[in-house]
Amino acid sequence: MAISHILVTGGCGFIGANFVRFVLEQRPGIRVTNLDALTYSGNPDNLAELAGHPGYRFVHGDVRDRGLIDGLLSDCDAVVHMAAESHVDRSIQDSTPFISTNVSGTQTMLDAVRSCGRPIRLLYVSTDEVYGSLPLDRPDIQFREDTPLAPNSPYAASKAAGDLLCRAYHHTFGLDIVTTRCSNNFGPFQFPEKVIPLFVTNLIEGHQVPLYGDGRNVRDWLHVLDHCEAVLAVLDRGRRGEVYNIGGNNERSNLELTRAILSIMGRSEEMIRRVPDRLGHDLRYAIDATKIGRELGWRPTRSQWPDALEQTVRWYTGNEAWWRRVKSGAYREYYARQYGG
Ligand code: NAD
Ligand code: TDX
């Protein structure tokens with residue numbers, strides 16, 4: 001049966017806002033309810049143009065509010081659960097909100113789906129960070145869906161707990177759950193605490209970019225719209241109880257990424273500020289996305305460098321009002337705590 005009404009949690013965040021817009025564009029006639037608590041990273045401006053859209057409804061609320069979720073599930077046939085505390089460095093400063101939203105929030109969503117009395121498919125947006133870290137000298141190894149989970153940061157541990165709760169609720173109660181584990185996303189509307197928008201906006205402001213440690217850590221970069229397309233494919237056609245890796249096939253060291261941004265923006269390496277390494281910093285993430293390609297025919301088409309990175313940089317240079325608003329207020333305190341002034 002085709003999905004007609006999706007409850008998206010965390011739809012005012014970076015991936016959520018891109019996903020809500022993507023679904024409404026791709027599926028005319030579909031309804032999307034967006035439940036978001038509007039934490040520091042949730043920004044209603046990200047979906048401002050949807051005001052008045054007949055298929056879209058925004059609900060300001062929390063995934064830990066069981067009564068609210070029960071009401072919202074009464075006429076939805078699918079849930080895409082992506083509300084989360086999402087930044088590793090913040091989880092190192094204080095893991096409390098991570099355990100609360102990412103673990104208890106996911107449990108609340110699962111209990112609500114379990115008791116709603118109707119078959120509802122829930123897709124849990126997990127992350128490649130649940131697998132831990134790969135060595136830099138073994139380019140032949142990648143994370144597969146059967147790689148044991150070994151999360152290293154409090155953020156990754158909280159996401160892994162949610163991921164395993166989804167597994168358990170499928171196994172124990174037979175819930176229709178699918179899980180995606182995705183690599184690092186980039187694109188428009190990303191909160192400028194994450195490395196790409198942080199570095200681009202710092203450079204526009206004339207500040208240096210804080211590169212952790214020796215810059216050799218590797219991430220696999222995926223354009224957010226490729227991610228959205230993959231999530232929709234898994235929601236539509238993924239097999240019940242299965243996990244699907246999603247990756248960009250686009251591994252870059254942080255130094256390579258930084259140099260690429262500097263080159264696009266016409267700045268020199270003098271703008272790099274070497275800062276102490278992140279505690280417990282994972283060395284390398286690399287996704288083997290063979291399964292989603294084989295079963296669902298998905299592969300990334302929008303993540304190609306340097307074009308996709310260049311377009312993303314241009315989005316931030318062209319949307320200064322957006323990030324300047326986001327980068328003010330409480331964010332300044334976080335930045336000072338993280339980078340020392
Ligand atoms: P984000 O921080 O930009 O957005 C998170 C959203 O969740 C915000 O709108 C926030 O207001 C909302 N939220 C937080 N706590 C909530 C609560 N208790 N109730 C309701 N809403 C709440 O994060 P993002 O980068 O868009 O990540 C979205 C999801 O994708 C997360 O689950 C994250 O773990 C996962 N993920 C992200 C990446 C990435 O590269 N950004 C990669 C893989 C997986
Ligand atoms: O100031 C910085 N300097 C720096 O060198 C920041 C913020 C980051 N980095 C490095 C750390 C990482 O190796 O850049 C790399 C990317 O960092 P983030 O943008 O913080 O992303 P990461 O920690 O890799 O996690 C991201 O991908 C997986 C998302 O934030 C998670 O939500 C997702 O699950």
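User: Which residues does Thr101 touch, leaving out those up to four places away in sequence?
Analyst: Thr101 touches Val63, Arg64, Ala83, Ala84, Glu85 and Thr106, with residues up to four places away in sequence not counted. Contact means heavy atoms within 4.5 Å.

User: What kind of model is this, and how is it numbered?
Analyst: This is a predicted model: local features need pLDDT of at least 70, side-chain atom pairs count only at pLDDT 80 or more, and totals for chains, interfaces and linings use all residues. Residues are numbered from 1 along each chain as its sequence is written, chains are lettered from A and ligands numbered from 1 in the order in which they are written, and side-chain values use heavy atoms, with hydrogens and water left out.

User: Back to Thr101. Which helix is it in?
Analyst: Thr101 is in helix α4, residues 96-115. Helices (H or I, at least four residues) and strands (E, at least two) are DSSP runs, numbered from the N terminus.

User: Is Thr101 buried or exposed?
Analyst: Thr101 is buried, because its relative accessibility is 10%. Buried means under 20% relative accessible area, exposed over 50%, and partly exposed in between, with a 1.4 Å probe and protein chains only.

User: New topic. Which residues come nearest to ligand 1?
Analyst: Asp36, Ser41, Ser86, Tyr155 and Lys159, out of 29 residues around ligand 1. A residue is near a molecule or strand if one of its heavy atoms lies within 4 Å of it.

User: What polar backbone atoms sit by its oxygens?
Analyst: One from Phe14, 3.1 Å from an oxygen atom of ligand 1. Another belongs to Ile15, at 2.8 Å from an oxygen atom of ligand 1. Asp62 brings a polar side-chain atom, 3.1 Å from a nitrogen atom of the ligand. A polar contact is a pair of N or O atoms within 3.5 Å; within protein, one must be able to donate a hydrogen and the other to accept it, and residues adjacent in sequence count only if both atoms are side-chain atoms.

User: How much of ligand 1 does the protein cover?
Analyst: The protein covers 97% of the 840 Å² of accessible area that ligand 1 has on its own. Accessible areas come from the Shrake-Rupley method with a 1.4 Å probe; for residues, only the protein chains shown count as cover.

User: Which elements give two or more residues to that shell?
Analyst: α1 (14-26), β5 (121-127), α5 (154-173) and β7 (184-186). The largest share, 3 residues, comes from β5.

User: And by class, what is in the shell?
Analyst: There are 12 nonpolar, 13 polar and 4 charged residues around ligand 1. Ala, Val, Leu, Ile, Met, Phe, Trp, Tyr, Cys and Pro count as nonpolar, Asp, Glu, Lys and Arg as charged, and the others, Gly among them, as polar.

User: Let's look at β5. How many of its residues are buried?
Analyst: 7 of 7. Arg121, Leu123, Val125 and Thr127 point one way, and Leu122, Tyr124 and Ser126 point the other way.

User: Which strands pair with β5?
Analyst: β4 (residues 78-81) pairs with β5 in the parallel sense over 4 bridges. β6 (residues 177-182) also pairs with β5 in the parallel sense, over 6 bridges. Two strands pair if DSSP finds at least two bridges between them. Tyr124 is the bridge partner of His81, and Tyr124 also stands opposite Thr179 in β6.

User: On to ligand 2. Which residues are closest?
Analyst: Glu129, Tyr155, Arg278, His281 and Tyr339, among 22 that surround ligand 2. A polar side-chain atom of His281 lies 2.7 Å from an oxygen atom of the ligand. For Tyr339, a polar side-chain atom lies 2.6 Å from an oxygen atom of ligand 2.

User: Last one. Where does Trp305 lie?
Analyst: In the loop between α9 (290-296) and α10 (307-318). Trp305 counts as buried because its relative accessible area is 13%. Among its contacts are Phe186, Trp221 and Asn250. The C-alpha atoms of Trp305 and Asn250 are separated by 8.0 Å, and the two residues are 55 residues apart along the chain.
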